[in-house]
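Hi,

Here is the structure I promised to send over. Have a look at it first, and then read on for what turned up.

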2 protein chains.
Amino acid sequence: MSEIIGHNYIGGARSAAGTITLHSHDAGSGEPLPFVFTQATPEEVGAAAQAAAAAYPLFRTLSASRRAEFLEAIAAQLDALGDDFVTLVTRETALPSARIQGERARTSGQLRLFAQVLRRGDFYGARIDRALPERQPLPRVDLRQYRIGVGPVAVFGASNFPLAFSTAGGDTAAALAAGCPVVFKAHSGHMATAERVADAIIRAAEQTDMPKGVFNMIYGAGVGEALVKHPAIQAVGFTGSLAGGRALCDMAAARPQPIPVFAEMSSINPVLVLPEALQVRGENIASELAASVVQGCGQFCTNPGLVIGIRSPRFCAFTALLSTLINEQPAQTMLNAGTLRSYRNGVQALLDHPGISHLAGKVQQGNQAQPQLFKAEVRLLLNGDPLLQEEVFGPTTVIVEVADPAELQQAVQALQGQLSATLIAEAGDLQSHAALLPLLEQKVGRVLFNGYPTGVEVADAMVHGGPYPATSDARGTSVGSLAIERFLRPVCYQNCPDALLPEALQNANPLAINRLVDGTSQRAAL
Amino acid sequence: MSEIIGHNYIGGARSAAGTITLHSHDAGSGEPLPFVFTQATPEEVGAAAQAAAAAYPLFRTLSASRRAEFLEAIAAQLDALGDDFVTLVTRETALPSARIQGERARTSGQLRLFAQVLRRGDFYGARIDRALPERQPLPRVDLRQYRIGVGPVAVFGASNFPLAFSTAGGDTAAALAAGCPVVFKAHSGHMATAERVADAIIRAAEQTDMPKGVFNMIYGAGVGEALVKHPAIQAVGFTGSLAGGRALCDMAAARPQPIPVFAEMSSINPVLVLPEALQVRGENIASELAASVVQGCGQFCTNPGLVIGIRSPRFCAFTALLSTLINEQPAQTMLNAGTLRSYRNGVQALLDHPGISHLAGKVQQGNQAQPQLFKAEVRLLLNGDPLLQEEVFGPTTVIVEVADPAELQQAVQALQGQLSATLIAEAGDLQSHAALLPLLEQKVGRVLFNGYPTGVEVADAMVHGGPYPATSDARGTSVGSLAIERFLRPVCYQNCPDALLPEALQNANPLAINRLVDGTSQRAAL
């Protein structure tokens, strides 16, 4: 195992000018691990942003295939990390090693998907309108458009995916793919993991001859504010809490030059259990749902936090069964003490609410999270009670019983923006509740049929996004190849000599990419 | 000519609940025109936003071809407006009738371009990843993604393009194409024009059976704030001043639910005149540039406000000739008294600056704008003097002479974000100044070669955008078909039965559109 020195990564070198030191902790015992990390000074935060800015002109103009090689080299470096690495991650996060191995495969797979996107070339969004010198009343100039990276990107990872949504996770991969150097703020919950991954990225950068400063990482509490406010930073990717994400959005909007923030924040991921499905397979649904609620100790952005059904003897039986199943689920260790504290507070708030009753779950005490099941009166949802709109991060879900299909429609209408919504439904259900679908589409980034929202496939067609407060900008996704678009902007060339055009726009189409030429999608040379 | 009654357009009806009345003015004489407009009350602003929200569920789910028919009907209605309409616009704006006729053709052409985009179907961004039930270690679900309109859009038009950037202008066309109902804030500078255009839109909406509330328009000062803050509004399009645009951005960012604002604001559109070009055709460049500076009284977002050249006897002669030409240009009437006042203040600020000398132009007095030419010391640019970064809206430009190619590079580096930059250059210039091009690309939305930035073609490949302060979000364009993307967001379907999918994603591909299927762009049925 390579040594963990805990210095900041700035422009290809390590730096520890500050005096504030931080420790990483064993998530199981809460004990500090034997690694010391030095918080970045304000000057080091600025230097990291400047290093990214210095790398930008060269990095963004590297060919897409060079950037693809870089991403693939990172993937290979990640895959090559030994068992000691997996052990380290499990110690910092209390996540089981099989999960970490799976998450690593997902993370390297994600990097390879972006390499494919780069080679495919559709991210360029190449468009060509050729000159029409004879057009009346005025000739048309030659216009050619493609997309370039917006500039250095600040990335804030999440605690719950120490690999896939962290140092070399989706936001970093998307930004690098777009040609944007990255300054990553190491998550305090897994700083040693972050260091091992940053080392892997730096090795890959050296191996593929990337400019120094293409990837930088800083440690510390409160350094994120200075990072987001730094004038060199041109966009922000964030995964975490609503409060944290909103604070970054507000800072970014108040800059002399406002910049976009793509924050993935809070979602309760409603699951609608419809009558025919209950009738056909109610018991299966209850056991699948219980498993989904407690999977990974409920520490997923897409954890099902709200279950809605129509009042009936069957739904009553379903609720009873789900209660039994939740009572049977063992307590689990959470990612860290802060996460457990938040969970305890969230559960307590549900317990304290007069309109919410506790159906199942052991008393929340000790150093593990106890799975819980609640039931809320539908009026809370209809009246926009904040307790039913904000996620309780952990293995808890809330059942809401509506009177009839009309009230179901109203309940869905009352929801805020969500990452996902799920329909557990038979064909007959979908026919008799057809009006639900367009409404759900307005509320969420992803509509699932007869599945569970945990488990977000990394693919071209995935949307891990949705209206506020699920994210700060519904037009983006933080999982899947579309994520690259958040960090690209279009540039147009007017009457540019062919030799000076970027390859994506040259007549000969040397990259052999699809382009929109005079309104027609084609791959031909001109 | 249809009667102008000056009532607000709300949900397909007219409403004038308020008591504050407004007048439109003859731009030439400054006299009020015989039309009275009733400012929308706060309740009416809310009702307009609600009407748009009520229209959204139906409008967004109409087939793209139905929306295309609506846009084409608006275009036809605009084209059918008589000479009296053109006369009215010229009275309110002092723009010549040939210009208004040309601008109308541009506006209806723009609507027709978006109709084409709708029929082409690439705006859907359809992506399909089919299920892989045999995949190891886990099967892949079926994922399908397309894009939907974000919701009701508030649009604020510009004074300088009373048709193309106003009531039925690019932002309105893009929003309607995306499936987003519009609430338009009528520009105070051409309220009668706005009413005639709104009537045309409403006729088209009725003719094509669009939902009431698909287009709404409100009159008044200060009503914009309430509109942007209304919870039903999901995005904003704006063309105007930096101060105005930034104020809207700040309001939108401070909402409980922040929303994106696409504001096209301030650009000085630098023109770089390189040595060989000066040698070969210096006189032509001077006369073309003078014409571009005074065209339309300089009232263009893309007016060339900064001319940069390398010190030489030839650049000196060029400057002298440009001075002579600017001195020969007649005064022109501006859009309105406020525009003239701003111009006078802007010119005075340049006159008052000790680092800026006045090269040409008559004393700015009376009720017309006098073309002006200034020369600024390069250190102002290098030191970020705000006077050289903010546009003076009107027929004025500033020359900056740099010492050598290195200082030229520094001067470009010192520029803020711009809508456009122009290279006036021969082949040899482009070779010896090759480093300029990537730098310009980082600064602007459009790089022109041997043309002038005024005249923004409406096309698929156009970018009328750029880094702040040119716009509030460099990832958008407000001219050209890419403008639709600002108002779309992706939605993903997971394991959705084929019959329930939107047509764009069904196996049979009934719309016959291009789709990214398992990573390959194709038009085939599945």
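Let's start at the rotation axis: the residue of chain B that comes closest to it is Ala253(B), whose C-alpha sits at 3.2 Å. The same surface serves both copies, and 100% of the contact residues of chain B recur in chain A. To put chain B onto chain A you need a rotation of 180° with 0.0 Å of shift along the axis, and the superposition then gives an RMSD of 0.0 Å. That is therefore the relation of a two-fold axis.

Before you go further, keep in mind that this is a predicted model. It scores ipTM 0.97 and pTM 0.97. For chain A the mean pLDDT is 96, with 100% of its residues at 70 or more.

Twelve strands make up an open sheet with mixed pairing, and their order is E14(A)-E15(A)-E16(A)-E13(A)-E12(A)-E17(A)-E18(A)-E19(B)-E6(B)-E5(B)-E20(B)-E21(B). Which strands are at the edges? They are E14 (356-360) of chain A and E21 (520-522) of chain B, each of which pairs on one side only. From one strand to the next, the twist averages 25°.

Back in chain A, helix H10 (residues 313-328) lies across several strands of that chain: E12 (270-273), E13 (306-310), E14, E15 (372-376) and E16 (396-402). Its direction is at about 60° to E14(A).

Last, a helix pair. Helix H3 (residues 83-93) and helix H6 (residues 191-207), both of chain A, have axes that come within 8 Å and cross at roughly 150°. An angle over 145° counts as roughly antiparallel, so that is how H3(A) and H6(A) run relative to each other. On the H3(A) side the contact is made by Phe85(A), Leu88(A), Val89(A) and Glu92(A), and on the H6(A) side by Ala192(A), Thr193(A) and Arg196(A). Sorted by class, this contact of H3(A) with H6(A) has four nonpolar residues, one polar and two charged.

Cheers

How values were computed: Residues are numbered from 1 along each chain as its sequence is written. Chains are lettered from A and ligands numbered from 1 in the order in which they are written. This is a predicted model: local features need pLDDT of at least 70, side-chain atom pairs count only at pLDDT 80 or more; totals for chains, interfaces and linings use all residues. Axes are lines fitted to C-alpha atoms, for helices over the stretch in contact, and angles run from 0 to 180 degrees between N-to-C directions. Helices (H or I, at least four residues) and strands (E, at least two) are DSSP runs, numbered from the N terminus. Angles under 35 degrees count as roughly parallel, over 145 as roughly antiparallel, 65 to 115 as roughly perpendicular and the rest as oblique. Two residues are in contact if their C-beta atoms, placed from the backbone, lie within 7 Å. Ala, Val, Leu, Ile, Met, Phe, Trp, Tyr, Cys and Pro count as nonpolar, Asp, Glu, Lys and Arg as charged, and the others, Gly among them, as polar. Two strands pair if DSSP finds at least two bridges between them. Copies are superposed by least squares on the C-alpha atoms of residues with pLDDT of at least 70 in both. pLDDT is the predictor's confidence in each residue, from 0 to 100.
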